[in-house]
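Hi,

Here is the structure I promised to pass on to you. Have a look at it first, and then read on for what turned up.

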Amino acid sequence: MSEVSTVKSRASVMMYNNEKKAWEPAEGVRGMSHVQVYHHEGNNTFRIVGRSMTDHQVVVINCSIIRNMKYNAATPTFHQWRDQRQVYGLNFHSKDDAAQFKDAVDEALDTL
Ligand SMILES: CC(=O)N[C@@H](Cc1ccccc1Cl)C(=O)N1CCC[C@]12C=C[C@@H]1CC[C@@H](C(=O)N3CC[C@@H]4C=C[C@H]5CC[C@H](C(=O)O)N5C(=O)[C@H]43)N1C2=O
């Protein structure tokens, strides 16, 4: 059973550097990425995957959407969430990109 992409938005993927207390672009990528929510229908799992727009081979982010995860829309174009290791941020290209992505994440959280 393969995975189905439920949304594709444009965002720059950021990680919060706890030491520096600052957001930094994700490893190895400058600028925009395509961020997607993938649904593995077989075991009903979801993950957020980002690929650099300049080089689709570069996976910028790949993290699970876990049950009861808090996905925070800090602003209409900046959303963030955390796991035990780090805090992730998505700086979207537009409010529409952000809204569509949040809908897909909310849908995933509703079915987990
Ligand atoms: C309790 C908690 O973890 N709170 C988190 C947010 C959050 C809430 C609920 C669920 C998950 C998360 Cl990650 C939180 O407040 N965090 C996570 C690390 C950084 C931060 C803690 C403090 C600072 C205060 C300002 C805010 C922040 O970082 N913001 C607000 C939105 C703004 C939008 C864009 C990014 C891009 C660069 C700019 C900046 O850092 O200059 N910036 C920010 O300043 C962002 N902050 C945060 O987002």
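The side chains of H79 and Y71 are joined by a polar contact of 2.8 Å. Please keep in mind that this is a predicted model. H79 belongs to strand β7, which covers residues 78-82. Is H79 buried or exposed? With a relative accessibility of 3%, H79 counts as buried, because anything under 20% falls in that class. Leaving out residues up to four places away in sequence, H79 touches Y71, N72, A73, A74, Y88, G89, L90, F92, A98 and K102.

Two of those names, G89 and L90, come up again with S12. This serine sits in strand β1, and its contacts beyond four places in sequence are G31, M32, G89, L90 and N91. S12 has a relative accessibility of 17% and is therefore classed as buried, the cut-off being 20%.

Now to the ligand. Which residues surround the ligand? They are Y16, W23, K70, N72, A74, T75, F78, Q80, W81, R82 and V87. Among them, N72 and A74 are also touched by H79.

- W23 has a polar side-chain atom 2.7 Å from an oxygen atom of the ligand.
- In the side chain of Q80, an N or O atom is 2.8 Å from an oxygen atom of the ligand.
- R82 places a polar side-chain atom 2.6 Å from an oxygen atom of the ligand.

Next, the largest pocket. It holds about 170 Å³ of space. Its lining is made of M15, Y16, N17, N18, E19, E24, P25, A26, E27, V60, R85 and Q86. Two elements give two or more residues to this lining, namely β1 (3-17) and β2 (22-25). Strand β1 provides the largest share, with three residues. By type, the lining splits into five nonpolar, three polar and four charged residues. You will find Y16 both in this lining and around the ligand.

Another residue to look at is V49, in strand β4 (residues 45-52). Its relative accessible area is 2%, so V49 is buried. Setting aside neighbours within four places in sequence, V49 is in contact with H34, V35, Q36, Y38, V59, I61 and N62.

N44 shows a positive phi of about 50° although it is not a glycine. This residue lies in the loop between β3 (33-40) and β4, and with a relative accessible area of 29% N44 is partly exposed. N68 also has a positive phi, of about 65°, and is not a glycine either. Its place is the loop between β5 (59-64) and β6 (72-75). Is N68 buried or exposed? N68 is exposed, because its relative accessible area is 58% and the limit for that class is over 50%.

Best wishes

Key. Residues numbered from 1 in each chain as written. Predicted model: local features only at pLDDT ≥ 70, side-chain atom pairs only at ≥ 80, totals over all residues. Heavy atoms only, no water. Helix = DSSP H or I, 4+ residues; strand = E, 2+ residues; numbered from the N terminus. Buried < 20%, exposed > 50% of the residue type's maximum accessible area, 1.4 Å probe, protein only. Contact = heavy atoms within 4.5 Å. 1 Å grid on protein atoms, 1.4 Å probe; cavity = no way out; pocket = protein on both sides within 12 Å on 5 of 7 lines; lining within 4 Å. Points joined across faces, edges and corners; volume = space filled by probe spheres on them. Nonpolar A, V, L, I, M, F, W, Y, C, P; charged D, E, K, R; others polar. Near = heavy atom within 4 Å. Polar contact = N/O pair within 3.5 Å; in protein donor to acceptor, adjacent residues only side chain to side chain.
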